[in-house]
Amino acid sequence: AAESGPGPAKLQDLTLLLYSLAIMREHKAALAHTAAAQLASMLTLPQQQQQQQSTEAAPSLRGPMLPSRMGAGLPPAFRKHALQVAAALLAAQAERQESPLMAVLPPEARALAIEQWRASVNKRAATKPNRYQRDVAETARRMGLTVRLGAVTPDGVACPDVLVGLPDNPAAKFALELVGVHNTASNSTRILGDAALKYRLLQARGYVVVPISCLEWDKLGRERDQLSKMLYLQSKIDKRLGGGGSSGSEGNGNGNGESSNESSIRNGNGNSHGDSAADETGEQQQQHVAAGGFAGGSAVNS
């Protein structure tokens with residue numbers, strides 16, 4: 001008997017592939033278009049069947065879609081992996097690219113994915129801050145900075161670990177982001193995955209991302225040496241402002257006093273600090289998204 005070819009791709013395989021390609025900035029890759037088309041075909045047929053049943057129903061039973069029924073015509077498996085779809089959509093939007101999902105995915109599926117993403121961000125914002133967040137926040141307060149924990153971007157798509165403002169520059173928004181072994185490459189400080197995406201989302205909305213290494217923070221001690229912590233935090237903020245702080249190397253061997261995390265952000269290796277969208281004001285970003293955002297009332301209004 002002839003060998004059978006590979007079976008059809010599973011929904012979770014397609015969403016993971018689309019997520020991975022988006023993290024790698026391969027939004028226009030042929031593989032991304034193929035995966036998007038296959039995912040759309042999986043979602044379109046059940047929706048057509050649902051619409052036909054709705055048309056045949058009595059008029060009294062038809063009405064506006066309630067929030068709890070959003071995505072009722074989509075396969076149940078889609079809800080489990082909708083966050084990866086949202087990540088692919090948001091990653092492309094943050095980089096001024098158009099995800100192939102925008103052209104082929106049903107509007108209801110896009111809306112559901114973004115709403116689930118926002119719900120996950122709100123849940124994260126409501127979570128009790130960990131010891132690093134509390135310690136960094138307390139240090140920033142001692143420096144006279146304004147501090148917020150549990151803050152969410154106006155469009156609800158990202159939650160900075162610690163949001164900081166400068167008294168003499170209230171318009172500036174600094175997202176102090178904790179970097180641990182769970183969001184870096186093995187034996188490296190290169191930021192990957194969800195953390196890389198989060199940085200892009202924050203930067204595209206006008207936030208200045210300041211990476212704070214948990215390992216470096218632990219070396220400063222806990223309660224005893226507050227001065228060292230304040231100097232460390234000030235140097236990190238100064239570097240993101242381009243205001244010097246180049247004396248002394250932080251062990252990355254790049255010769256400019258930046259940590260590998262900061263260098264990767266500045267040079268675009270994982271979190272492109274130089275994206276054009278990052279230079280927009282919040283109002284400009286809102287206008288951009290309004291012109292080509294998500295359908296179904298779930299445009300990302302940043």
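# Briefing: loops, helix packing and ring contacts

Arg-25 is partly exposed, with a relative accessible area of 26% (partly exposed lies between buried, under 20%, and exposed, over 50%, for a 1.4 Å probe and protein chains only). The model is predicted: local features need pLDDT of at least 70 and side-chain atom pairs count only at pLDDT 80 or more, while totals for chains, interfaces and linings use all residues. Residues are numbered from 1 along each chain as its sequence is written, and side-chain values use heavy atoms, with hydrogens and water left out.

**The chain as a whole**

- The protein chain contains 11 helices and four strands (DSSP runs numbered from the N terminus, helices being H or I with at least four residues and strands E with at least two).
- Of the 302 residues in the protein chain, 45% are buried.
- Among the contacts in the protein chain with a separation of 6 or more, 66% involve residues 24 or more positions apart (contact means heavy atoms within 4.5 Å).

**Two loop residues with positive phi**

- Arg-25 is found in the loop between helix H1 (11–23) and helix H2 (30–56).
- The phi angle of Arg-25 is near 65°, which is a positive value in a residue other than glycine.
- Arg-96 occupies the loop between H3 and helix H4 (101–104).
- Although Arg-96 is not a glycine, its phi is positive, at about 60°.
- With a relative accessibility of 39%, Arg-96 counts as partly exposed.

**Leu-17 in helix H1**

- Leu-17 belongs to helix H1 and is partly exposed, its relative accessible area being 27%.
- When neighbours within four places in sequence are left aside, Leu-17 is in contact with Leu-31 and Ala-35.
- Leu-17 and Gln-84 are 67 residues apart along the chain, and their C-alpha atoms are separated by 9.0 Å.

**Packing of H3 with H5**

- Helix H3 (residues 76–94) and helix H5 (residues 107–125) have axes that come within 8 Å and cross at roughly 90° (axes are lines fitted to C-alpha atoms, for helices over the stretch in contact, with angles from 0 to 180 degrees between N-to-C directions).
- H3 is therefore roughly perpendicular to H5 (65 to 115 degrees; under 35 counts as roughly parallel, over 145 as roughly antiparallel and the rest as oblique).
- On the H3 side, the residues making the contact include Phe-78, Ala-82, Leu-83 and Leu-90.
- On the H5 side, they include Leu-112, Ile-114, Trp-117 and Ser-120.
- The residues of this contact comprise 13 nonpolar, two polar and two charged (nonpolar are Ala, Val, Leu, Ile, Met, Phe, Trp, Tyr, Cys and Pro; charged are Asp, Glu, Lys and Arg; polar are the others, Gly among them).

**Aromatic rings and charges**

- One aromatic pair is found in a search of the whole structure (rings of Phe, Tyr and Trp, the last by its six-membered ring, pair if their centres lie within 6.5 Å; planes under 30 degrees apart count as stacked, over 60 as edge-to-face and the rest as tilted).
- The ring centres of Trp-217 and Tyr-232 are 5.9 Å apart and the planes stand at 65°, so this pair is edge-to-face.
- The pair links distant parts of the chain, as Trp-217 lies in helix H8 (residues 214–219) and Tyr-232 in helix H9 (residues 226–241), 15 residues apart.
- Trp-217 counts as buried at 1% relative accessibility, and Tyr-232 is buried with a relative accessible area of 11%.
- Over the ring of Tyr-132 sits the charged end of Arg-131, 4.2 Å from the ring centre (NZ of Lys or CZ of Arg must be within 6 Å of the ring centre and within 35 degrees of the ring normal).
- The charged end of Lys-173 sits over the ring of Tyr-207, 4.2 Å from its centre.
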